[in-house]
Amino acid sequence: MSRDTAILFSVVLLAAAVSTVAMFYFSTMAGVIQVCVLAALILAVLLFYFRKTRYYQDVIKKAGTYFDTEGKGNDFPIPMAVVRKNGDVIWYNAPFQDKLIPDNVIPFRKIGNFIGGVTSQDLLEHPEGLDIHVGDRIFTAYAGQIDEKTQSYCLFLLDNTELKRAASEYRRSKPSVLYLCVDNMDEVRRNFKSSECEVINGGVETILEQWAAKLPGLLKKISDGNYFMILEEQGLEQLISGRFDILKRIRDYKFGENPVELTISIGAGRGETLAEANDHARLALEMSESRGGDQATVNTDGNMEFFGGTVGGTTSSSKVKARIMSQNFHEQFQRHDVIFTTGHTFSDLDSIGASIGIYEMARSLGKPCYIIANRDTTMSTLLIDHFQEAVDKDAFLDADEAIGKARGRDSLLVVVDTHRPNSLEYPGLSEKFDTVCVVDHHRRTANYIKDAELFYSEPNSSSACEMVTELIEYFPEDIQPDPMTCNALLAGIMLDTRNFVLGTGVRTFEAAAYLKNHGADTVAVKQLFSNSLDNYKVKASILSSAETYHDCAIASTDQVVPNMRVIASQVADDMLSVTGVKSSYVLFESGGKINISARSLGQMNVQVIMEKLGGGGHFTMAATQIADISMEEAITLVKKSIDEYIEME
């Protein structure tokens, strides 16, 4: 029995004795009864004490065997303790008392009081040890069972404070690599005089130097608009916590009173070695640029994390890249005997239209070409029917039919309007082909087709159909596209631009003019967007459920009707016409998942918002699917993602 416990027991016993004497004064019988009760209580306390003492002695004896020191547990130079399953401390050695028990602490308290709330069960679940903090010291704690019957355990604590601090300092000082590239310096050179460009270059460089001076690293200019940086891990963590605020500082730069509208792409790489970090940083920069610029990508051993991307990229008027890529596709088509093309799951007019454009390119070389599409899930049934009736009834195949016609290395697969293998019309289809090429206008995600022979990505293009139209225009063979092909390509452009309202540049109208010049019929294209009266009623019902949240419109429905994906995207488009709405979201259930269709007018990047929920898309058009969740929970997640986006701006 501890000294404090003995004192407490003595005080209680004295009080009971005084009370008993007083009771005899008033009633002899009552005094006798109280004496009997008091004697019984004392006996019970003594029995409990002796049983507990015997238990402790038994545990300590077995602990001695466990220590294999013939009961000399104090000989261990590290803190040790014996505890029960419920956390009661039975015994501890001198190092434990010296390092973990402050002055005047009553012994035999719960072990969690000494090691920061960690229980013996927590330690048993971590046989590799668990780091705990006690004051300014760091211990690694281990637990081992002494005896199953008594449910007692032995704790060992290694004081490795200096080692942990050294390891932490090493991690914080480990070098990482950053590449920084001004996205639109060519546009600046076209819009400003040479002398003004020099001033702008100097202004950007000054901003970067002042920014880098506050970080534990070294910034080096490689060329105009291109920079290289070696940065300690603690500096990179600082940038991540600040969400790369340098992006906004560059974006806000002005020449005099005139905004320059500069943006910068950043690629940061971590790795086991400096060379590995450098390779990861290069890949991260490529990822930032392929996603449209004005953002930073942190590549940690292949795991990508994105920051920024809150404004749309500027569309280049130069078609040099389109000419080069058209030549490259021409060479790939000539090398292969059979061409296949496919788009994303739930294929829309842009996906099918771009596939039809690839079909036209292949047929101009006399190569057989097949479009792989799922007729059960496509949202472009009308376009497919018209093309089969007017051009080629055998052009469309499902995946099994396509694999049956494939010829191994002699076959080529062209993926359009997506770059993610799990988003294909038939997920995993790209793995069935030795050679794959990609044509996509969506911002690249970390999960992309990495082994593509050609990867033609233009995130600032309005649509995949616009990109394919330019490939046809500059194809080395003189292609005279079929009017049905032109209709399909124009329909895709109109879909993704909301009838030439969003994401359009000079090249968008030039592509439309090219298609019109080669026989595109705008009336026939408009008919591809026709809707039934029943669909209009469903749209009205969904619109009636809409609510606003931070200048965003959110609507949901539990209705299950055919073409719900088309209806949801149309409702999302319609909600953008409401005054003050910057982005819209429509949620519906399909296939046991909550599907979300997102749209914006360009003031908000819905791709970033949908990426937080596992989806993706384009700046003004994105989507995602969430499994194992209710509609109410999904709406809450959408609102949370919007909040995070607003905080990021």
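This report walks through a predicted protein model, from its overall make-up to a few single residues.

## The whole protein

Let's start with the big picture. The protein has 649 residues, and 49% of them are buried. Its secondary structure comes to 22 helices and 25 strands.

How does the chain fold back on itself?

## A sheet of six strands

Next, look for the open sheet whose six strands follow the order E16-E15-E14-E17-E18-E19, with parallel pairing. Strand E16 (396-397) and E19 stand at the edges; each has a single partner strand, so one side of each is left without a neighbour in the sheet. As background, strands of a sheet pair through backbone hydrogen bonds, either parallel or antiparallel.

You can follow the pairing from strand to strand. Strand E14 (residues 338-342) runs parallel to E17, and five bridges join them. Here Thr 342 has Val 415 in E17 as its bridge partner. Strand E17 (residues 411-416) also pairs with E18 in the parallel sense, over five bridges, and Leu 413 stands opposite Val 436 in E18. Between E18 and strand E19 (residues 454-457) the pairing is parallel too, over four bridges. Asp 440 has Ser 457 in E19 as its bridge partner.

## Strand E18 under cover

Why is strand E18 (residues 435-440) described as largely enclosed by the rest of the structure? The reason is that six of its six residues are buried.

In a regular strand the side chains alternate between the two faces of the sheet. In E18, Thr 435, Cys 437 and Val 439 lie on one side, while Val 436, Val 438 and Asp 440 lie on the other. All of these residues are buried, so both faces of E18 are covered.

Helix H15 (residues 464-473) is mostly covered, with nine of its ten residues buried. The buried residues include Ala 464, Cys 465, Glu 466 and Met 467. Among the elements that cover them are helix H11 (320-335), helix H12 (349-364) and helix H16 (483-497), together with the strands E18 and E19.

Now turn to helix H22 (residues 631-648). At 1.5 Å a residue, its 18 residues should span 26 Å, and its end C-alpha atoms are 26 Å apart, which agrees. Which residues of H22 are buried? They are Met 631, Ala 634, Ile 635, Val 638, Ser 641, Ile 642, Tyr 645 and Met 648. These residues cover an arc of only 140° around the axis, which puts them on the same side of H22. The spacing makes sense: an α-helix has 3.6 residues a turn, so residues three or four places apart point the same way.

The face turned away from the buried side of H22 carries the exposed residues Glu 632, Thr 636 and Glu 647. Cover for the buried residues of H22 comes from elements including strand E13 (303-308), strand E22 (583-590), strand E23 (593-600) and helix H21 (606-611).

Gln 388 sits in helix H13 (residues 381-390). Its side chain makes a polar contact with the side chain of Arg 375 (3.1 Å). Not counting residues up to four places away in sequence, Gln 388 touches Arg 375, Lys 393 and Phe 396.

Phe 529 is in the loop between helix H18 (522-527) and helix H19 (533-543). At 24% relative accessibility, Phe 529 counts as partly exposed. Leaving aside neighbours within four places in sequence, the residues in contact with Phe 529 include Leu 349, Met 494 and Gln 570. Phe 529 and Val 566 are 37 residues apart in sequence, and their C-alpha atoms are 9.8 Å apart in space.

Finally, here are two loop residues with a positive phi. Arg 498 has a phi of about 55° although it is not a glycine, and it is found in the loop between H16 and H17. His 550, also a residue other than glycine, has a phi near 50° and lies in the loop between E20 and E21. Are these residues buried or partly exposed? Arg 498 is buried, with a relative accessible area of 13%, whereas His 550 is partly exposed, at 44%.

Definitions and conventions:
Residues numbered from 1 in each chain as written. Predicted model: local features only at pLDDT ≥ 70, side-chain atom pairs only at ≥ 80, totals over all residues. Heavy atoms only, no water. Buried < 20%, exposed > 50% of the residue type's maximum accessible area, 1.4 Å probe, protein only. Expected span 1.5 Å × (residues − 1). Arc of directions from axis to C-beta. Contact = heavy atoms within 4.5 Å. Polar contact = N/O pair within 3.5 Å; in protein donor to acceptor, adjacent residues only side chain to side chain. Pairing = 2+ DSSP bridges.
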